[in-house]
Amino acid sequence: MGRDGTIAIIGAGIAGAAAARRLHDAGHRVVVLDKGRGPGGRMATRRGPDGLRFDHGAQFFTARDPRFAACVEDWTARGIAAPWGGPHRSVGAPGMSAPARDLLAGIDLSCGRAVGRLARAGDRWRLEEADGTALADGAAFSRVLLTCPSPQGLALLAGCGQDLPGLADVRYAPCWTLMLAHDGPPPFEEPARQDDDPAAVFAWIARDGTKPGREGGGTVVAHAAPAWSRANLEDGAD
Ligand SMILES: Cc1cc2nc3c(=O)[nH]c(=O)nc-3n(C[C@H](O)[C@H](O)[C@H](O)COP(=O)(O)OP(=O)(O)OC[C@H]3O[C@@H](n4cnc5c(N)ncnc54)[C@H](O)[C@@H]3O)c2cc1C
């Protein structure tokens, strides 16, 4: 397939990475752009001082569908995922972005590229930064696949006179995340604790140092519950 038939995928999170892999393996030429420093999106591991590592977004993934389970089995055999946290649960190894990185192997990926505008050029699409600078070397794409969260997707669609019914109705629950390193014994023995009480401050506290590839430090990631996060959304991090 020639350059004109190339499909642009916006977002290198797990959705964009999975779509890119399927399209690439089906013989399509794909280009993936992401505004972040690397792939993975909300499946991310942040490096702190002294080599400490924190999964501040997704904590684990659950494989129940047989097709996904087979995929996770392959990742596990190759050290890209590892069981953690209970039956059918896994984490990326050594960090959460490992599965997305694996899916994108051999695929044209550009990070640090924020798509600000979709411009129509005949029956093709061109991608631009917010200030109109051409992205992807000014290439024209036959199709554009949006995998960014709906607010960003809506803004891109509105900018080119397009709409997707239902997209504006998608609501996100905010999540304040606390990343802590501690000396001494862990605060509790099990790998993680969950609190389903909607009035709780913390819905989830994980000892990240128990996750494969993050050993070697007393690290804790605590996710505030949605109600608490919403009530304190505009507060400073301190
Ligand atoms: C705190 C938290 C905890 C979670 N815990 C879990 C969990 O335990 N288990 C679980 O299964 N799921 C969990 N999730 C949900 C899970 O992380 C997401 O469902 C999943 O990672 C979303 O993948 P995605 O590819 O759809 O989107 P994303 O991962 O958001 O990827 C979208 C990508 O698009 C990029 N992008 C956005 N706008 C632009 C633009 N204009 N130009 C270029 N690039 C752009 C972003 O940089 C991003 O990389 C959690 C999420 C959060 C936030």
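1. In which loop is P94 found? P94 belongs to the loop between β7 (89-92) and α3 (98-103). The model is a predicted one, and in it the peptide bond leading from A93 to P94 is cis, with omega near 5°. Most peptide bonds are trans, and most residues other than glycine have a negative phi.

2. D50 sits in the loop that runs between β3 (46-47) and β4 (53-54).

3. The chain is divided by the domain assignment into domain 1 (3-42 + 101-169) and domain 2 (46-96 + 173-231). The centres of domain 1 and domain 2, taken over C-alpha atoms, are separated by 28 Å.

4. Why is the ligand said to lie between domain 1 and domain 2? Both domain 1 (3-42 + 101-169) and domain 2 (46-96 + 173-231) contribute residues to the shell around the ligand, so the ligand lies between them. The space that the ligand takes is the largest pocket.

5. The ligand is surrounded by 27 residues, of which A15, D34, R42, F60 and V115 are the closest. Sorted by class, the shell has 12 nonpolar, 11 polar and four charged residues. Among the elements, α1 (14-25) and β2 (30-34) each supply at least two residues of this shell.

6. Some polar distances can be listed for the ligand. An N or O atom in the side chain of D34 is 2.6 Å from an oxygen atom of the ligand. A polar backbone atom of F60 is 2.7 Å from a nitrogen atom of the ligand. For I14, a polar backbone atom is 3.2 Å from an oxygen atom of the ligand. On its own the ligand has 1000 Å² of accessible area, and the protein covers 74% of it.

Conventions. Residues are numbered from 1 along each chain as its sequence is written. This is a predicted model: local features need pLDDT of at least 70, side-chain atom pairs count only at pLDDT 80 or more; totals for chains, interfaces and linings use all residues. Side-chain values use heavy atoms; hydrogens and water are left out. A residue is near a molecule or strand if one of its heavy atoms lies within 4 Å of it. A polar contact is a pair of N or O atoms within 3.5 Å; within protein, one must be able to donate a hydrogen and the other to accept it, and residues adjacent in sequence count only if both atoms are side-chain atoms. Accessible areas come from the Shrake-Rupley method with a 1.4 Å probe; for residues, only the protein chains shown count as cover. On a 1 Å grid over the protein atoms alone, a cavity is a set of points where a 1.4 Å probe fits but cannot get out, and a pocket is an open set with protein on both sides within 12 Å along at least five of seven lines; lining residues have an atom within 4 Å of a point. A molecule sits in a cavity or pocket if more than half of its atoms lie within 2 Å of its grid points. Helices (H or I, at least four residues) and strands (E, at least two) are DSSP runs, numbered from the N terminus. Ala, Val, Leu, Ile, Met, Phe, Trp, Tyr, Cys and Pro count as nonpolar, Asp, Glu, Lys and Arg as charged, and the others, Gly among them, as polar. Domain bounds come from an automatic or database domain assignment.
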